[in-house]
Amino acid sequence: MNEHPTTSAASASGASPGKASRLQAVRGMNDVLPDDAPLWEYFEDTARSVFAQYGYRNIRVPIVEPTALFVRGIGEYTDVVEKEMYSFEDKLNGESLTLRPEATSGIVRAALEHDLLYQRPQRVWTTGPMFRHERPQKGRYRQFHQMDAEALGYAGPDVDAEQIVMLARLWRVLGLTGIGLRINSIGNAGERAAHRRALVAYFERHADLLDADARRRLHANPLRILDSKNPALQSMLAAAPKLIDFIEDDSRAHFEALQRHLVDAGLDFTIDARLVRGLDYYNRTVFEWIDDSGALGAQGTVAGGGRYDALFEILGGKPSFACGFAIGIERMILLLAAVGVRAAPAPVAYVVHTGDAAGVLARAVAEQARDAGMALVVNAGGGSMKAQMKRADASGAAYALIIGDDEVHAAAVAIKPLRGGGEQFAVPVNDAAARLAALTR
Ligand code: ATP
Ligand code: MG
């Protein structure tokens with residue numbers, strides 16, 4: 001069947017639909033299949049409930065935003081804006097649009113558009129796909145998913161620390177023990193300007209060592225050179241002027257208070273003076289959580305975040321405060337799979353039935369059990385008793401409910417344990433749901 005002629009070259013040319021070439025997903029954009037989805041749901045449900053424990057409420061913003069939002073918000077000379085954005089022209093009105101590479105800019109846009117901070121600050125979270133045109137590899141994709149939390153309108157550092165503590169709790173609840181915390185302060189705009197002048201002077205003294213990327217950024221965004229992954233630059237970068245040495249009293253006090261909060265919460269952390277993060281809008285607090293187990297290969301950073309007080313003004317709003325983070329869900333799933341977390345919610349029972357009258361009874365019994373909150377799969381598409389029992393087994397269900405001619409005549413249902421032994425037994429139809437509930441309680 002091919003109801004969409006535009007998707008099939010073969011049907012357009014009049015050949016039989018069976019000859020149509022098969023289409024594939026866009027490179028770097030993945031399907032999450034039903035066998036893998038339970039781990040995603042487990043992670044997302046767990047994160048949602050931990051975030052709710054800290055008063056974070058859900059916000060949902062569009063996947064497509066005006067390109068200018070990200071150019072202004074994330075910054076023109078960042079990797080994301082320079083080379084990773086999926087931007088396109090809206091054919092109907094010529095507007096430049098972009099598939100969101102991150103969620104923070106959209107959330108701040110929404111907060112300003114709806115005056116969300118008018119009466120009180122807001123703790124919010126969101127989740128969904130993000131898009132960056134990167135080279136696909138393990139833990140790095142072109143469509144990937146983030147779980148994102150933002151505390152809008154809070155000056156911190158209490159809320160910065162609370163987010164870090166919240167993430168530590170999430171790792172604990174998920175049973176992930178090898179994720180380490182790195183923090184840094186990148187000060188305020190004035191402090192960064194002083195550091196930047198020193199940095200440019202330092203890089204100019206080492207101009208012969210700079211690669212093309214670094215040279216291009218030298219005056220546009222020298223801070224980003226510190227983020228370079230080029231091995232040839234590393235020793236020169238290690239000796240570069242450190243931002244932390246340019247940070248003055250207020251920012252320093254903020255950073256020290258953050259550290260006290262973390263110590264009070266019993267968290268271990270490393271101060272990483274070179275941690276600057278890839279987006280321009282950060283100030284003061286920045287942090288990353290990095291998996292040390294090696295399970296993620298080169299892509300060890302599972303979550304990153306920080307403070308972005310300036311973003312409100314950059315996007316045309318009144319000055320405000322905010323701190324947020326994003327977790328890379330694909331990397332989380334890889335980690336959870338590596339430590340052997342399995343989450344496969346199976347139905348309580350698979351309902352096997354042969355004959356028309358048995359079918360009617362089977363569907364009625366299944367509805368009664370669902371009324372009691374249970375999950376059941378009713379065999380569909382017919383099949384012999386033997387074939388149906390095979391499907392029952394493959395479904396992962398704990399029980400098979402069997403209804404054949406004998407059961408119809410006796411107004412009974414046979415309950416057969418599928419796991420861990422136990423004899424098959426019969427119960428009156430009207431007791432079936434209650435018995436099943438009692439068995440699985
Ligand atoms: P990286 O240095 O790995 O490119 P980043 O600093 O660009 O990360 P952020 O913008 O901080 O990443 O996004 C937060 C998290 O989202 C990252 O720590 C990572 O777990 C995840 N992430 C970012 N880009 C990708 C991607 N292309 N594919 C999968 N996950 C990603
Ligand atoms: Mg990146």
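This is a predicted model: local features need pLDDT of at least 70, side-chain atom pairs count only at pLDDT 80 or more; totals for chains, interfaces and linings use all residues.
Strand S10 gives the largest share of the shell around ligand 1, namely 3 residues. The shell as a whole holds 15 residues, of which Arg132, Glu134, Arg140, Tyr141 and Arg277 come nearest to ligand 1.

**Ligand 1 and its surroundings**

- Sorted by residue class, the shell around ligand 1 is made up of 5 nonpolar, 4 polar and 6 charged residues.
- A nitrogen atom of ligand 1 has a polar side-chain atom of Glu134 at 2.6 Å, while a polar backbone atom of Tyr141 lies 2.9 Å from a nitrogen atom of the ligand.
- Two or more residues of the shell come from each of strand S6 (143-152), strand S10 (301-307) and strand S11 (322-328).

**Nonpolar cores**

- The largest nonpolar core contains 45 residues, and within this core Leu152, Phe203 and Leu226 touch the most other members.
- Leaving aside residues up to four places away in sequence, Leu152 has contacts that include Ile107, Val108, Leu117, Val124, Tyr308, Phe312 and Phe321.
- Another core, of 44 residues, lies apart from the largest one and has Leu167, Phe255, Trp289 and Leu336 among its members.

**Thr126 in strand S5**

- Thr126 belongs to strand S5, which spans residues 122-131, and counts as buried because its relative accessibility is 3%, where the limit for that class is under 20%.
- The side chain of Thr126 reaches the backbone oxygen of Ile59 at 2.6 Å, and the residues that Thr126 touches beyond four places in sequence also include Asn58, Arg60, Ala103, Gln146 and Asp148.

**Backbone features**

- Most residues other than glycine have a negative phi, and most peptide bonds are trans.
- The peptide bond from Gly156 to Pro157 is cis, with omega near 5 degrees, and Pro157 lies in the loop between S6 and helix H6 (158-174).
- Asp115, in the loop between helix H5 (104-113) and S5, has a positive phi near 50 degrees and is partly exposed at 45% relative accessibility.
- Ala411, which lies in the loop between helix H15 (405-410) and strand S15 (412-417), likewise has a positive phi near 50 degrees, and with a relative accessible area of 41% Ala411 is partly exposed.

Definitions and conventions:
Residues are numbered from 1 along each chain as its sequence is written. Chains are lettered from A and ligands numbered from 1 in the order in which they are written. Side-chain values use heavy atoms; hydrogens and water are left out. A residue is near a molecule or strand if one of its heavy atoms lies within 4 Å of it. A polar contact is a pair of N or O atoms within 3.5 Å; within protein, one must be able to donate a hydrogen and the other to accept it, and residues adjacent in sequence count only if both atoms are side-chain atoms. Helices (H or I, at least four residues) and strands (E, at least two) are DSSP runs, numbered from the N terminus. Ala, Val, Leu, Ile, Met, Phe, Trp, Tyr, Cys and Pro count as nonpolar, Asp, Glu, Lys and Arg as charged, and the others, Gly among them, as polar. A nonpolar core is a set of buried Ala, Val, Leu, Ile, Met, Phe, Trp, Tyr and Cys residues joined through side-chain atoms within 4.5 Å. Buried means under 20% relative accessible area, exposed over 50%, partly exposed in between (1.4 Å probe, protein chains only). Contact means heavy atoms within 4.5 Å.
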